[in-house]
Amino acid sequence: MCDTCGCSTEGEAVLRMPGKTGGHIHMDLKSHSHEHASGDHPHDHNHDHPGSRKVLLEQDVLQQNNLLAERNRGFFEARNIFALNFLSSPGSGKTSLLEALIPALQASTPVAVIEGDQQTTNDADRIHALGVPVIQINTGSGCHLDAMMVNRAIRELPLPDGTLLCIENVGNLVCPAMFDLGEALKVVIISVTEGDDKPLKYPNMFHESDVCILNKTDLLPYVEFDALKCRQNAMQVNHHLQWFEVSAKTGAGMAPLQEWIEHKLKDH
Amino acid sequence: MHEMSIAMSIVDAVDAKARAEGAVRISLIELKIGKLAGILPEALRFCFSAAATGSLAGQAQLVIDEPDGRGRCSDCGHEFSVDFYYARCPECGSLRIVIVSGEEFLIQSIIIDEEGE
């Protein structure tokens with residue numbers, strides 16, 4: 001199996017677009033040839049030295065994913081597309097946050113969304129209702145999006161120059177941190193119904209992220225969650241983190257986040 | 001369980017390389033996985049045997065080098081060992097620590113057999 005063509009974890013992955021009939025798009029994983037599939041290509045190795053020998057690779061394990069992520073990044077740069085990779089545990093409010101942000105942003109910039117989930121188009125349907133292009137990647141048993149899935153998804157999405165592309169990753173604070181998708185920035189979301197020690201318990205995710213959004217702050221009076229402590233914990237893991245505290249439900253704190261995104265859209 | 005997709009990536013990379021080198025099988029794979037890389041070597045070993053089935057690496061032994069984490073203080077430049085992204089400089093107490101090693105995640109080499117027994 002091959003990470004380059006996507007036939008590793010995403011063997012079951014399919015793309016679905018809300019509002020479009022005609023089923024879904026399979027990742028078409030077996031449609032191109034594999035270097036390692038034929039076995040009948042010529043070799044120029046030396047048969048004079050049979051037996052064992054050592055071959056140096058010195059390559060990153062995720063090299064194929066990373067190369068494809070760079071292709072995505074190049075595509076985004078050429079089209080002046082600003083891609084944000086939204087990451088969090090399930091239920092922290094990624095989709096609600098997008099529902100709150102997109103109506104405010106789409107007046108001034110084109111917005112498109114890639115939704116990642118194991119099953120269902122529930123989130124994509126919610127984004128579709130906002131009137132922006134959206135595509136759902138169902139990863140099947142996969143626990144994260146990878147660069148190949150995003151590469152296939154962006155071929156199906158209308159992406160005019162200057163688009164803000166929001167990629168909502170599979171809800172999972174572990175695996176998605178490992179996989180570069182070609183995004184400009186990783187945005188991790190944590191909600192006040194989780195523990196304020198989340199950044200210490202899942203340090204890789206917070207270490208890899210550029211931005212942290214604390215969501216559901218409207219619930220702070222009702223839960224035992226120390227927002228300051230959470231922020232300190234996050235900053236200890238990654239002192240470069242940009243920090244926002246919002247309630248996607250009430251709109252509290254959303255204005256500074258929106259301004260920051262608009263600023264980034266101009267400058268990236 | 002990202003170790004499974006990572007195991008598949010490793011199998012894919014070494015299988016392709018071994019075939020290009022004219023191998024009939026891979027007997028050993030050397031990996032370098034830093035202790036801060038976010039990979040559990042034991043979980044990876046567990047997944048690897050399943051991922052490698054049917055490939056040239058089906059019988060390969062995994063040798064995993066696990067370098068310790070090292071951090072450098074951005075304020076005073078002191079370098080010291082770390083076992084977590086969060087560390088305090090033992091010299092000046094600063095928390096502005098940059099990880100300089102321990103995040104490695106490399107396929108270093110493979111040992112291949114060129115002719116079948």
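At 4% relative accessibility, His2(B) counts as buried, where buried means under 20% relative accessible area, exposed over 50% and partly exposed in between (1.4 Å probe, protein chains only). This is a predicted model, in which local features need pLDDT of at least 70, side-chain atom pairs count only at pLDDT 80 or more, and totals for chains, interfaces and linings use all residues. Residues are numbered from 1 along each chain as its sequence is written, chains are lettered from A and ligands numbered from 1 in the order in which they are written, and side-chain values use heavy atoms, with hydrogens and water left out.

His2(B) sits in helix 1 (residues 2-20) of chain B; helices (H or I, at least four residues) and strands (E, at least two) are DSSP runs, numbered from the N terminus. UniProt lists His2(B) under "binding site"; its positions are given in the numbering used here, feature names are shortened, and annotations may be inferred rather than shown by experiment. Not counting residues up to four places away in sequence, His2(B) touches Cys143(A), His144(A), Val174(A), Cys175(A), Met178(A) and Phe179(A) in chain A, along with Gly38(B) and Ile39(B). Contact here means heavy atoms within 4.5 Å.

UniProt also puts "binding site" at a set of cysteines, Cys73(B), Cys76(B), Cys89(B) and Cys92(B). They are spread over 20 residues of sequence, yet they cluster in space, with a largest C-alpha distance of 8.6 Å. Cys73(B) belongs to strand 3 (residues 69-73) of chain B, while Cys89(B) lies in the loop between strand 4 (79-82) and strand 5 (97-101). Cys73(B) is buried, with a relative accessible area of 3%, and Cys89(B) is buried too, at 3% relative accessibility. Neighbours within four places aside, the contacts of Cys73(B) include Cys89(B), Cys92(B) and Arg96(B). With that exclusion, Cys89(B) meets Cys73(B), Cys76(B), His78(B), Phe80(B), Ser94(B) and Ile97(B).

Next comes helix 2 (residues 41-51) of chain B, where Pro41(B), Ala43(B), Leu44(B), Cys47(B), Phe48(B) and Ala51(B) are buried. Seen down the axis, these buried residues fall within an arc of 145°, so they line one face of the helix; the arc is that of the directions from the helix axis to the C-beta atoms. An α-helix has 3.6 residues a turn, so residues three or four places apart point the same way. Glu42(B) and Phe46(B) are exposed, on the face of helix 2 turned away from its buried side. Helix 1, strand 1 (25-33) and strand 2 (61-65) of chain B are among what covers the buried residues of helix 2.
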